[in-house]
Amino acid sequence: MNIIVLISGSGSNLQALIDAEHSKKLNGTITDVISSQADAYGLKRAEKASIPSQVHSLKEYYKGTPKEEKDKRQQLRKKFDKDLADIIIAKKPDLVVCAGWMLILSPAILDPLKAAGITIINLHPALPNAFDGTHAIERAWKAGQAGEITKAGVMIHYVIADVDKGEPIVIKELDLRKDESLDDYEDRVHKLEHVAIVEGTNKVLDKIAKDKATDDDLAKAAERIKI
């Protein structure tokens, strides 16, 4: 089973997947890493692990087009999305894992991947239906400090057009502590992410493998009926 990992930053969750693969605890092979940022440290992690990588930067598409030219930038974003889908599909992965990818994946990306039979999942540092979108860790911590919630956590979920609203695959909870700093809470979240992303990836890979085996069996049965 081949995996493409999408990143935007330090790549600590990519590293968790790399480590799991090296220790034979990942049910697939990371074949490619794609980063939305040229200076993402995760690219160095990929290089060290001898994993092919490339940069697909929205900034480069927008270069020379000011924010005021909204229509043109919208067209450039569509081209960025289409090109990303084409890049992924050409590599023929079984699974795409968003491990800190900071750009919204629009239907222009998701629909072609679905048509190509490629599954895509995401790591989000919050529980389902809580703190969707950006700065989820800080928002959860602040809510805990204010006494609004007592639990937060992380989840791995299928990616759909609605941000962070896809069906959860793995959910892991954390108790919130009022005597804990944001830095300490963030550290706990990241440690939990590293466990969840491997668990979620394996769970989905196992499902893909079973679905493929079922499809193969059905195809063989249909062929026997024809004979």
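## The annotated domain

UniProt, in an unreviewed entry, places the feature "domain: Formyl transferase N-terminal" at residues 1-199. UniProt positions are given in the numbering used here, feature names are shortened, and annotations may be inferred rather than shown by experiment. Over residues 1-199 the chain is 41% helix and 21% strand. The end C-alpha atoms of this stretch are 15 Å apart.

This is a predicted model, in which local features need pLDDT of at least 70, side-chain atom pairs count only at pLDDT 80 or more, and totals for chains, interfaces and linings use all residues. Residues are numbered from 1 along each chain as its sequence is written, and side-chain values use heavy atoms, with hydrogens and water left out.

## Helices and strands

How many helices and strands does the chain have? There are seven helices and seven strands. Both are DSSP runs, numbered from the N terminus: helices are H or I with at least four residues, and strands are E with at least two. Along the sequence, the pattern reads β-α-β-α-β-α-α-β-α-β-α-β-β-α. The radius of gyration is 19 Å, close to the 17 Å that the globule rule gives for 227 residues, so the chain is as compact as a globular protein of that length. That radius is taken over C-alpha atoms, and the globule rule is 2.2 Å times the number of residues to the power 0.38.

The C-alpha atoms fill a box of roughly 70 × 45 × 35 Å, taken along the principal axes.

## Surface, burial and charge

Buried residues make up 43% of the 227 residues. Buried means under 20% relative accessible area, exposed means over 50%, and partly exposed lies in between (1.4 Å probe, protein chains only). The accessible surface comes to about 12500 Å², and 51% of it belongs to carbon and sulfur atoms. Accessible areas come from the Shrake-Rupley method with a 1.4 Å probe; for residues, only the protein chains shown count as cover.

Now for contacts, which means heavy atoms within 4.5 Å. Take those between residues at least 6 apart in sequence: 67% of them join residues at least 24 apart.

The chain has 34 positive and 36 negative side chains. Lys and Arg count as positive, Asp and Glu as negative, while His and the chain ends are not counted. The centres of the two sets lie 2 Å apart. Each charge is placed at NZ of Lys, CZ of Arg, CG of Asp or CD of Glu.

## Strand β5 and Leu123

Leu123 sits in strand β5. Is Leu123 buried or exposed? Leu123 is buried, with a relative accessible area of 8%. Leaving aside neighbours within four places in sequence, Leu123 is in contact with Asn13, Cys98, Met155, Ile156, Glu193 and Ile197.

## Helix α7

Helix α7 covers residues 182-226 and holds Asp206. Asn202 also lies in helix α7. Asn202 is buried, at 13% relative accessible area, whereas Asp206 counts as partly exposed at 36%.

Which residues does Asn202 touch, beyond its neighbours within four places in sequence? They are Lys25, Leu26 and Asn27. Asn202 and Lys25 are 177 residues apart along the chain, yet their C-alpha atoms are separated by 8.6 Å. Asp206 and Gly28 are 178 residues apart in sequence and 9.5 Å apart in space, C-alpha to C-alpha.

Thr65 lies in the loop between α3 (58-62) and α4 (70-91). Thr65 is buried, with a relative accessible area of 7%. Not counting residues up to four places away in sequence, Thr65 touches Lys72, Arg73 and Leu76.

Ser50 lies in the loop between α2 (42-48) and β3 (53-55). Ser50 is exposed, with a relative accessible area of 65%. Its phi is near 60°, a positive value in a residue other than glycine. Phe131 has a positive phi of about 60° although Phe131 is not a glycine. Phe131 is found in the loop between β5 (119-124) and α6 (136-145). At 22% relative accessibility, Phe131 counts as partly exposed.
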